[in-house]
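User: I would like to work through this structure with some questions. Please keep the answers plain.

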Amino acid sequence: MTEIDEGVAADAPTLLREPADGVPEVIDTPEALADMVEAFAAGHGPIAADAERASGFRYGQRTYLAQFKRAGAGIALVDADRLPDLSALNDAFGDAEWVFHAASQDLPGMYELGLTPASVFDTELAARLLGWPKVGLAAVVERELGYALAKEHSAQDWSTRPLPHEWLTYAALDVEVLLELRDGLRGHLEEAGKLDWALEEFEAVRTAPAPEPRVDPWRRTSGSHQIRDQRGLAIVRALWEARDADARRRDIAPGRVLRDAAIVAAAHAKPASYEALVSIREWQSRGTKRRARFWYPAIEAALALPDAELPAKRGPRGDGPPQPRMWKEKRPEAAARLAQARELVTTFVEKHAVPAENLLQPDALRRTCWEYRGGGESWIREFLEGRGARSWQIALLAPALAEAFDAPSEPSAES
């Protein structure tokens, strides 16, 4: 039985202190991985899975520790830094279902490790579809199983070696209860008539393509919206690109290499010399000032750019419709459809206890309202399918949207 903390109040959730079979040794050699493959191949049932990254410490979103649990095999903690190819586990896992909490966060790292789940069950997404107000792992575990999970190590630097025992305990507990949690949530989904919905959502997460690279990612620099002139934006771009290259080379999170606040302050000031740069308040901390000579050439290059090569004041506009606040002027009939659609979504949210964003992606709803020119339910079904809506979402919303869009307009008071 999982070790619990008995020194808590009777009505408080049971604090889990350690997995039932203790915290296993970290698997960090090919020989230990081969033993794990054998053990998990001999196990049975779903695979609980989780991953720990070093966000905010290292460049990118690499997985540094991968955790697994299976009935008959126990818990395995794998050092993904020393063992970056875990594809040998695919045969051991076979077509078993993988259980994640927030699968969209962990799956990209699993794919990088060569792992290819045949199917997934996402306990966070299940809780959302059930309409639960809190869907973090600790909250869902407490509500469903009555256990408390300490989350104080969730934001640690998981590239640290060796990993402290208390961190490994935290990591092991994240998969310790996932299988039991999955069983409970699956039962709730069946009772609510939402299991088919959930299975569609899980498969959509599993097969989601990698996101397209952002256009002008430097424009996401925090505070850059305050920069109104093109020369200032050129400085933001130059410093962002220099920082990104340096961070990638050093494998350090960009924010630790140079803070966004320093980039934006330089863009405001447009320092004409190194001395002017280090006189800026945001450049006077010891670490930032120490490397100011490294950064200043990027600023010089931006200041010397010909006007024709300066970035536009605004980034390229996407292919979507304008902001809804502009619809009444540009396309009033679309504005009316959007108001109708939002009322319908609110009704369905209340009826089915599903968050609006899970009922249908807001972007898909807006685009449907903007693009509709007639065609009824068949057009709406085809359009939503093209926007990635799931079958259950289309079946629920398309008939109601078609009826609302094609209903005769109410006569105005003036007619």
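User: Where is Pro162 found?
Analyst: This is a predicted model. Pro162 belongs to a loop, with strand E9 (147-148) on one side and helix H6 (165-176) on the other. So that the place is clear, by residue number: Pro162 is in the loop between E9 and H6.

User: What kind of peptide bond joins Arg161 and Pro162?
Analyst: Most peptide bonds are trans. For Arg161 and Pro162, omega is about -5°. The bond that joins them is cis.

User: What is the phi of Asp216, and what is the phi of Asp251?
Analyst: Most residues other than glycine have a negative phi. Asp216 is not a glycine, yet its phi is positive, and Asp251 likewise has a positive value without being glycine. Phi is about 50° for Asp216 and near 55° for Asp251.

User: Where do Asp216 and Asp251 lie?
Analyst: Asp216 is in a loop that runs between H8 and H9. Asp251 is in the loop between H9 and helix H10 (254-257).

User: Does Asp216 count as buried, partly exposed or exposed, and which class holds Asp251?
Analyst: Buried means under 20% relative accessible area and exposed means over 50%. Asp216 has 26% relative accessibility, so it falls in between. Asp251 has a relative accessible area of 22%, so it does too. Asp216 is partly exposed, and Asp251 is partly exposed.

User: Which residues is Gln226 in contact with, leaving aside its neighbours within four places in sequence?
Analyst: Gln226 lies in the loop between helix H8 (195-206) and helix H9 (230-250). Its relative accessibility is 40%, so it counts as partly exposed. With the neighbours within four places left aside, its contacts are Val264 and His268.

User: How far apart in space are Gln226 and Met110?
Analyst: In sequence, 116 residues separate Gln226 and Met110. In space, taken from C-alpha to C-alpha, they are 38 Å apart.

User: Which side chain of opposite charge is nearest to Arg70?
Analyst: Arg70 sits in strand E5 (residues 63-71) and is buried. A salt bridge needs the atoms to be within 4 Å. The nearest side chain of opposite charge is 6.4 Å away, and Arg70 has no salt bridge. That side chain belongs to Asp95.

User: Which backbone oxygens does the side chain of Arg70 reach or lie 3.3 Å from?
Analyst: One is the backbone oxygen of Phe40, at 2.7 Å from the side chain of Arg70. The other is 3.3 Å from a polar atom of that side chain. Both Phe40 and Ala92 are also among the residues in contact with Arg70, as are Gly43 and Leu179. The backbone oxygens are those of Phe40 and Ala92.

User: Which helices do the buried residues of H18 pack against?
Analyst: Helix H18 covers residues 362-371, and its buried residues include Ala364, Leu365 and Trp370. These buried residues pack against helix H15 (327-330), helix H16 (332-352), helix H19 (376-386) and helix H20 (391-406).

User: What share of the residues in the protein chain is buried?
Analyst: The chain has 20 helices and 9 strands, and its C-alpha trace spans about 70 × 65 × 45 Å along the principal axes. Of its 415 residues, the buried share is 45%.

Key. Residues are numbered from 1 along each chain as its sequence is written. This is a predicted model: local features need pLDDT of at least 70, side-chain atom pairs count only at pLDDT 80 or more; totals for chains, interfaces and linings use all residues. Side-chain values use heavy atoms; hydrogens and water are left out. Helices (H or I, at least four residues) and strands (E, at least two) are DSSP runs, numbered from the N terminus. Buried means under 20% relative accessible area, exposed over 50%, partly exposed in between (1.4 Å probe, protein chains only). Lys and Arg count as positive and Asp and Glu as negative; His and the chain ends are not counted. A polar contact is a pair of N or O atoms within 3.5 Å; within protein, one must be able to donate a hydrogen and the other to accept it, and residues adjacent in sequence count only if both atoms are side-chain atoms. Contact means heavy atoms within 4.5 Å.
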